[in-house]
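Hello,

Here is the structure I promised to pass on. Please open it alongside this email; my notes follow below.

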Amino acid sequence: HDLCVFGTDLIVAGNFLKAGGITVNGIARWDGNQWHSMGAGFNDDVYAICVYNGTLYAGGEFTQSGTTALKRIAKWNGIDWIDPGFGVSYSSSGLHAFIHTLRVFQSKLYVAGGFDRVSEGTSVHFGQGVCSFNGTVIDTLAGGTLNREIEALAWFDGDLYVGGGMNNSNSYIAKYNGTASLDESEAVIRWTIHPNPAEANCVLSGV
């Protein structure tokens with residue numbers, strides 16, 4: 001599901017049991033020559049991995065690494081996967097919570113997926129599909145996107161853009177400007193390129 005570079009190694013995450021014949025449980029480290037396990041791995045799929053403030057984070061559907069209880073997100077301490085101090089869930093036990101994407105923007109770790117609650121220690125906050133973490137506290141971004149799951153994140157022109165949808169009939173895009181909840185919008189972009197043909201340089205414009 002995801003790849004990232006951590007130190008001098010390539011980290012690979014997804015839905016698999018083994019790498020190079022070694023039991024790794026959904027996440028493995030490749031040093032350029034051979035595969036290595038990372039602690040006990042996880043008890044379910046890993047969808048996202050990301051380095052934030054020098055620490056490797058993983059997100060997915062998992063709720064455990066070895067005997068350590070987790071809430072779909074974990075951080076690597078060099079030996080084991082541990083609770084980063086927050087996690088995500090749904091208020092309804094009938095819904096399937098997960099973290100799909102991890103991205104770093106403007107010195108914060110942004111977390112997106114399927115959830116409507118973000119736990120932070122003993123506190124539980126309403127947050128639908130997205131939140132950010134500054135290394136100490138959680139920001140639920142004015143509640144996120146009501147009744148929506150989020151899979152994609154990007155920072156563009158001073159705003160956070162998110163996208164998701166469970167199928168072609170209800171996909172969406174929304175943006176957050178830091179002051180209100182994420183507003184959904186639909187856009188059609190027409191691209192132009194000039195000069196065309198070009199020998200060395202060209203300009204791509206969207207209107």
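Which residues do ring pairs link into a cluster? They are F42, F62, W76 and W81. Keep in mind that this is a predicted model.

First, the overall picture. The protein chain has 25 strands and zero helices. Of its 207 residues, 39% are buried. The accessible surface is about 11,200 Å², and carbon and sulfur atoms account for 49% of that. Among contacts with a separation of 6 or more, 34% join residues 24 or more positions apart.

Now the aromatics. The count comes to twelve aromatic pairs. One of them is F42 with W81: the ring centres lie 5.1 Å apart and the planes meet at 45°, so this pair is tilted. The two residues sit in distant parts of the chain, 39 residues apart. F42 is in the loop between β6 (35-37) and β7 (46-52), while W81 belongs to strand β12 (residues 81-82).

Are these two buried or exposed? F42 has 6% relative accessibility, so F42 counts as buried. W81 is at 0% and counts as buried too. The cut-off for buried is under 20%.

Another pair is F156 with Y161. Their geometry is edge-to-face, with 5.8 Å from centre to centre and 70° between the planes. F156 is exposed, because its relative accessible area is 53% and the exposed class starts over 50%. Y161 is partly exposed, at 22%.

Best wishes

Key. Residues numbered from 1 in each chain as written. Predicted model: local features only at pLDDT ≥ 70, side-chain atom pairs only at ≥ 80, totals over all residues. Heavy atoms only, no water. Helix = DSSP H or I, 4+ residues; strand = E, 2+ residues; numbered from the N terminus. Buried < 20%, exposed > 50% of the residue type's maximum accessible area, 1.4 Å probe, protein only. Contact = heavy atoms within 4.5 Å. Areas by Shrake-Rupley, 256 points an atom, 1.4 Å probe, with all protein chains shown as cover. Phe/Tyr/Trp six-rings, centres within 6.5 Å; stacked < 30°, edge-to-face > 60°.
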